[in-house]
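Reader: I would like to learn how to read a protein model. Please show me the chains and then take my questions in turn.

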Amino acid sequence: MFNELGYQLRVVWACAKKDFQAALTDRLFTVLSLFVPVNLLILMSLFVLAGSNAPTAVVMEDQGPYAQAFYQAMSQAHSFRLQITSAAEAEHLITAGQTVAVVTIPTDFDARVKQNQPVQVDVKINNLNTDFTNDIRRAIPLSITSFYAKAFPNLVSVSVQEHDLYIHDTDYIPYLGVSILVIALMMGGLLQSGTAAAKEWENQTIKELLLSPASRWAITVGKMLGSFILSLGSTIIVLLVLIVFVGVVPENWGEVLGFTLLSLVIFNTVGTLLGTAIKTRQPVIALSIGISLPLFFLSGAFGPISFSTPVLQIIAKIFPVYYQIVVLQHAFHGFALNTYGLWGNTLILVGYAVVLIILMAAALQRATVSH
Amino acid sequence: MTNSNVASIEMVHLVKRFGNFTAVDDLSLTVEPGEIFGLLGPNGSGKTTTVNMISGLSAPTSGQVHVMGHDLRTQTRQVRQILGSVPQETALYEELSAWTNLDFHADLFGIPSQEKKARIESMLDLVGLTDRKDSRVSDYSGGMKRRLALARALLHDPQLVYLDEPTLGVDVQSRRAIWDYILALRQQGKTVLITTNYLEEAQELCSRIAIIDHGRLVALDTPEELKQQFGGSVVEIETVEPFGMLAELRALPGIKDAQLEDQFLKVTTQSGTNVVPQVINLAAQCCEIRDINIREPNLDEVFLHLTGTALRD
């Protein structure tokens, strides 16, 4: 009887159902687990939004067409969050630390431009943070060039002829949003499966599983399936936020579905492995967060890892997170972040999943209780 | 494969080490079919480690275990199918209901779906938990949890049931109920292995007892034989003034041991002798007697004698 597939499938389903039912009784933890990844998405988005544009006060002492054109050039530089103010108000803002710079367009701006005379645009910078300061230092000359290129196209003889690799630009938030989806999958998967496995040891209920004649494979798969179903909840929430609120619409829905599920399998296996090895929930929770965040930053979350240093590239390629970001960026935006191709990256991920499942079953097979 | 001629459990030179610590040290014993066998020992003596090895929860460092003729190393699954276990900590899913716990167990042990409901109902009825079947186990008392764990262990109709400290932390009423269930198992022909550090429990339930201490087998026999080995009778005499003829008393033939503590004299006689009247006479010659109590030795005394320590130390 024990070799019958039906029996093993029954064990798989029983373990999954039991873990699901147990999680539902611990509602607070389940709700928190569901929303931790969403919280992360919001947090990272805020981080990016806050850091993308420097708040800049503009004092328009001249309202002429050239002055207005210069203001337009600044607003299109993707570096400023502009606010037109009076000189007094601008001074107050920069003194109070509420603006990074004050740009003053002088009263004779238009007149001097018309007469082809030098114009001095006064820029007062709060150089408290060099990241913002350097943004301003780079963006002001860029704005001047843009202004001249538009106002006097005949005078500017050097121009840029851009050839894009992809048919559309991918903004920072949509790129990062996909990376955040990966970390959300990772954190949700690790937390759900890790705590579910550790709980069995913590409450000694592992004895019920280990004392049964059921195969360790069936128990492993069943436990992973239970966590998988729960992780799916947080995944759906993150996907909805990403698609509906952030506006990142996938280019290939099938790839999104397939790679999301494959990623969940990998993370649930790692979580179950962690829970089985550590056997208590608190360190599993700490470790899940402790693993997720460095891997997120390491694996090309903010931009292609190929733009990074060779050492970081080598380290990133050790972990599946890198490949998951690659395939999901392809699924959402259609671009390739490495040269392995979609199938190559997929095969690597499937390999990770298979090895991890074997490790997990072996860990449970060897599991004994001390006493 | 299993039949009544095969020992229910056979342990041969069983050893379990955790690093430098030897938890079970060359333990060999046999549990016969249909008996209630008790493993006695103080906390940390190696009882639970022994049953963990019998059930396959822990691998022996060396030695062999056969359960109903099955070699535990190679036929673990068969052993698990014929073994019903009540671990010390019950291992129940406390956040789930009694019914869900049993339903999960039924699936794990492959109980046919068409029989599952009736079996669960029958087990809940047996342990008197039918009216609480939908309550969360976390809301149960300690005694109810033990009863539920017993119901779960019996659900797949095992031939061998092991209960690790079955009445630990249980009130007197529940303890009596659990004892009755265990005694009923013997009537059904099942073999029961219990670990306990309650001597009263062992005396009430067990056909044979193995006393282990520091992982070693110290004694193995029926409760009656163990007591006989310890001595024939225990005479406790309380005198008005301290008894002053201890040396003369110890010199009497048939005296195994004599201890004096203030006005309390405790004399253990050798079995098969009739020295009790002489003990009383000697005490009466020396002092005014306030109280006399003559009784059989109890297992506490046997245990103290064998291990040099009280059982619950």
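Reader: How many Å apart do the C-alpha centres of domain 1 of chain B and domain 2 of chain B lie?

Author: This is a predicted model, in which local features need pLDDT of at least 70, side-chain atom pairs count only at pLDDT 80 or more, and totals for chains, interfaces and linings use all residues. Residues are numbered from 1 along each chain as its sequence is written, and chains are lettered from A and ligands numbered from 1 in the order in which they are written. Domain bounds come from an automatic or database domain assignment. In chain B, domain 1 covers 9–227 and domain 2 covers 232–296. Their C-alpha centres are 42 Å apart.

Reader: What share of the residues of chain B counts as buried?

Author: A residue is buried if 20 or more other C-beta atoms lie within 10 Å of its own, exposed if 12 or fewer, and partly exposed in between; the C-beta atoms are placed from the backbone. By that rule, 45% of the 313 residues of chain B are buried.

Reader: In what order do the six strands of the open sheet in chain B run?

Author: Helices (H or I, at least four residues) and strands (E, at least two) are DSSP runs, numbered from the N terminus. Two strands pair if DSSP finds at least two bridges between them. The order in chain B is β6-β7-β8-β3-β9-β10, with mixed pairing. Because β6 (83–86) and β10 (216–221) of chain B are at the edges with a single partner strand each, one side of each has no neighbour in the sheet. Inside the sheet, β3 (residues 36–40) and β9 (residues 208–213) of chain B run parallel and are joined by four bridges. B:Gly38 is opposite B:Ile209 in β9(B).

Reader: Which residues touch the most other members of the largest nonpolar core?

Author: A nonpolar core is a set of buried Ala, Val, Leu, Ile, Met, Phe, Trp, Tyr and Cys residues joined through C-beta atoms within 7 Å. The largest has 148 residues, and B:Val67, B:Ala151 and B:Leu193 touch the most other members. Helix α7 (residues 172–202) of chain A gives the most to this core, 16 residues.

Reader: How many residues does each chain bring to the contact?

Author: Two residues are in contact if their C-beta atoms, placed from the backbone, lie within 7 Å. Chain A brings 24 residues and chain B brings 25 residues. On the side of chain A that touches chain B, α1(A) supplies the largest share, eight residues.
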